[in-house]
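Okay, thanks for coming, everyone. Have a look at the model on the screen, and I'll walk you through it chain by chain.

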Amino acid sequence: MKLALITIIVDKRRNEEESLLADPRTEGEKEDSKINGVSSGTNADTSSRERFFSNVRQTTPPLLREPMSRRQLLGRGVKLAGAVALAGAIPEILAACGSGASASSSSSAAASSSSALPNVNLQLVYLENVQFAGSFFAEVKGYYKDAGVNVTLLPGGPNLAPEPIVQSGRALVGITHTAEAVQAIINGADLKIIGAGFQKSPTCIASRASAPIRNPQEMIGKKIGVSASNEPIWTSFLKANNISASEIDVVTVGFDPTPLATGEIDGLVAFYTNEPIVLRLKGVPTYAFLLNDFNYPMVDDIYICKASNLSDAKLRKQIIGVMTGESRGWSDVIANPDEAAALAVNVFGKSLKLNLEQQKLDAQEQNQFVADSTTAKHGLFWMTPEVIDGTIRSLAIGNVDAKPSMFTNEILDAIYHGGNKA
Amino acid sequence: MTLSTQAGEAFSSKNVLSFFGRRKESAIVFVVFLALWELLAVTVFKGRFVVPAPSNVLATAWRDGFYISDLARTLSEASLGWLIGNGIAILLAALCLVFPRLEAALLSLGVMTYAVPTVAIGPILFIIQDPFSAKVTMSALSVFFVTLIAAVAGLRSASKTSLELTSVFGGGKWDMLRRVRIRASIPALTTGLCISAPAAILGAVIGDYFGGQNGLGVIMLQAQEQLSVSRTWAIALVTTLVSGLAYAGTAGLAKIFGAWTSVETDNQSDLSESPNSNIGSKPLTFLGKFMLQIAIALGVWYGVVTVSGLGSYFLKTPQAVWTYLFVGPQASSNLTSVLSSLSTTLFHAGMGWLVGSILAISGAILMSSSSTITKAVMPLVLVARSVPLVAMTPLIALLLGRGLVGITAISALVTLVPTLVTIVDGLKKLPTAALNIVTCSGGSNFDALIKVRLFYGLPAVFTAAKISMPGAILGAVLAEWLVAGSGIGHIMAYDVVGSNFANLWASIVAIVVVSLTLYSVVSSAERLFRKRFAI
């Protein structure tokens, strides 16, 4: 089983130019090329990855679309396993494969016929770092394919809004921030929120530990840096705590925490799992309080899809597939944040030159937002009525008129069969 | 958008050639510059996360392998964008000459592509296209106007004698284009192509701000977020170097192909809209031309809405924007908010333009009076043109603040370089006879400057203003988008994350209308001036 799983890993990442499994993957590519009768591109670019898969679909002769026989699969696996051993590649991933083996014993066949699976895109809200580690596991370990979809991850950036990408159909599912998604729906987008990656928002106010800002009241009279994308949250957070904007010296900042380090500002609207850690590693210890803990409860890193797709049987199945993969992927992240960090640093975000230490700390801190008592009871991403209600009330403070109907657990319901794990 | 997208440079090859001919002075300036930087980094900026020492930056670049794979990625996007953008621009420029009536229309189309901030249409491009193509498009958009202007100017610079000769021998417009104009256009066109090489790279880098797995912009973002200051600088340095090389490389290629063999041209009409461009048609009045531009803008707009096939959610039609601003239920408050943020932006841009222009004019005067200064400064100016503004903006904000001073500085930087180069070139292009008269009558160099050079240099000021005014607005918008908490750029960033597309489109329209108006007014003023003084 271990061997078969290695095959899957190789299969998943065959187009990733710089993978830890460099040598075996090249083997896998050659194999795939023979089997599918196409030459594989090795471009790491998502679009060419996409193109590659569609090539496979179009050019594969009908006979070859049949699931590969078990023997073939094992044969490939043996070769690859040898290569892996020779290369001395990441033991963590192999170990994880072993531990996850029981879960996907029936999946090998499905994975090997990946060319027949529908290709869908998942739009991330930012660059491929550990914030999306669940998706990385899902892709590497074949959780998406097990669930019947071929997922291409589309990295985001500071200027990209995922909502239009999902609304336009370019991506089937998107990961985005709550206020922005609700705003898009209000502005006419046909979207639904189908799960919450984070049960509480990691948005925080970070300050230098030497001059800590411990609560909203302490921000008064201070210089607080707010980036344009955090503006909506910031404005309502002030209202939620009865602070007038004029009492604070607001400085618009970019996305890098330099101004806090240099003392240009006293506080920064930041992501608990990002800037404070970056600064800590740079020798600038920080203090941070969560907006979530001061009258501003909010889910975050929410999953969105087009509302109309939910009533289309075929697309609904694909959405369930994506979310099943996400759920299994994130379970792995919670169990092993260090491995998640390694995956982000060495495979997915390889060209970003991420800092392993920082990504590890990030992944560890991040887990408290993903998993809590709610998810233990109902399953990951589940949105209880209380959580939805708190989010709506928070948004209402900023005159963002969210409605319960914008949120739905129906996809998660289908995955967890009633949303009750126990 | 970037320092290098400026088309205002004089479209002559002299700058490029002299760049290679001034090695000694450039080397001295470069070494002094590096030493100063190192000194500042280890003294003034020590312990702050702003300015790393150049030695540190170089070590980081070396350790990171000079970002080869990201470089390859960005270059592949940029080269495709360069080919497409320039290809279309040259075709359209040629079309302009065969059908002179089209010229006003096409140039205004060019101004539109120049005036619309790439950051604002990026979100739309990323919906219509896959990420790679979207970045290619952004890159193509950044070069289109530069080359269009250069090509039109070049094609028009054919000497009258040659044209008349063709005509006498029975050649029509088509023959003129084929036999005379294309040959004559080569020097100007070459400069346009050179300038657009770094512009294409920077277009692709800005595209990376919408996401990607690799690319110079992508890693720059990550480096900034991780507070890897020396890496941020290393990437900016590599980007700058490559942009400079792309410029020099294009120039070198053109030289190999003999693009700069001397061609008989008419010096008179380099960048101006020549008075004979309307031969055979009734000259359009200023108002008529402006109306035509609006009509074309609307046509292109409808075209995009129809062709893209996107829902009304993203792409607002002209009517939708009209309703949003003028007749809808909240029209008056919408209009007020757009206008008030626009006026903030215009104030920022105006300050920047003023400061940039004053610096440029003083610089040009200094340079025209001393060839040593020119030799020493010009290479730096050429390098400055290749520095990605995206990378500079956070630095400028940190050094000068995020208020008026910082934004003015960014806007001024965008204005400074093209204006300086254009005016320096304009000051060179003056009748030797006029200068001789001053010298013979016992006038000093200073007299020559005041009495002759400035007068003849004035048209260059107009020429530069046509490009640098929209450029200053663009610089202000970008600065507001990235660092400031006010202005239309800030509002548009807000609109994108909040999916407020009606306001985004209304803001784009406001910027384009202002830029087109400024361009038209300055063009007319320039034409009047040239007519009046027959320069």
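Let me start with contact, by which I mean heavy atoms within 4.5 Å. With that in hand, take chain B: among its contacts between residues at least 6 apart in sequence, 80% join residues at least 24 apart.

Quick housekeeping. This is a predicted model, where local features need pLDDT of at least 70, side-chain atom pairs count only at pLDDT 80 or more, and totals for chains, interfaces and linings use all residues. Residues are numbered from 1 along each chain as its sequence is written, chains are lettered from A and ligands numbered from 1 in the order written, and side-chain values use heavy atoms, leaving out hydrogens and water.

Staying with chain B, we have 21 helices and zero strands. Those are DSSP runs numbered from the N terminus: H or I with at least four residues for helices, E with at least two for strands. Of the 535 residues in chain B, 59% count as buried. Buried is under 20% relative accessible area, exposed is over 50%, and partly exposed is in between, using a 1.4 Å probe and protein chains only. Chain B exposes about 21000 Å², and carbon and sulfur atoms supply 72% of that; the areas come from the Shrake-Rupley method with a 1.4 Å probe, and for residues only the protein chains shown count as cover.

So why does Leu58(B) count as exposed? Because its relative accessibility is 52%. Leu58(B) sits in helix α3 of chain B, residues 54-63.

Over to chain A, and its sheets. Here two strands pair if DSSP finds at least two bridges between them. One open sheet has five strands in the order β2-β1-β3-β10-β4, with mixed pairing. Its edge strands are β2 and β4 (191-198) of chain A, each pairing on one side only. On average, neighbouring strands in this sheet are turned by 25° against each other, direction ignored. For angles, axes are lines fitted to C-alpha atoms, for helices over the stretch in contact, and values run from 0 to 180 degrees between N-to-C directions.

Helix α7(A), residues 133-140, packs on this sheet and touches β1, β2 and β3 of chain A, with its direction at about 145° to that of β2(A). Helix α10(A), residues 178-186, packs on the sheet too, touching β3, β4 and β10 (300-306) of chain A, and makes about 30° with β10(A).

Strand β1(A), residues 119-123, pairs with β2(A) in the parallel sense over five bridges, and Val120(A) stands opposite Val151(A). β1(A) also pairs parallel with β3(A), residues 173-176, over two bridges; there Gln123(A) has Gly174(A) as its bridge partner.

There's another open sheet of five strands in chain A, ordered β7-β6-β8-β5-β9, again with mixed pairing. The edges are β7 (249-253) and β9 (286-290) of chain A, each pairing on one side only.

Last stop, helix α15(A), residues 337-348: 10 of its 12 residues are buried, so α15(A) is largely enclosed by the rest of the structure. The buried ones include Pro337(A), Glu339(A) and Phe348(A).
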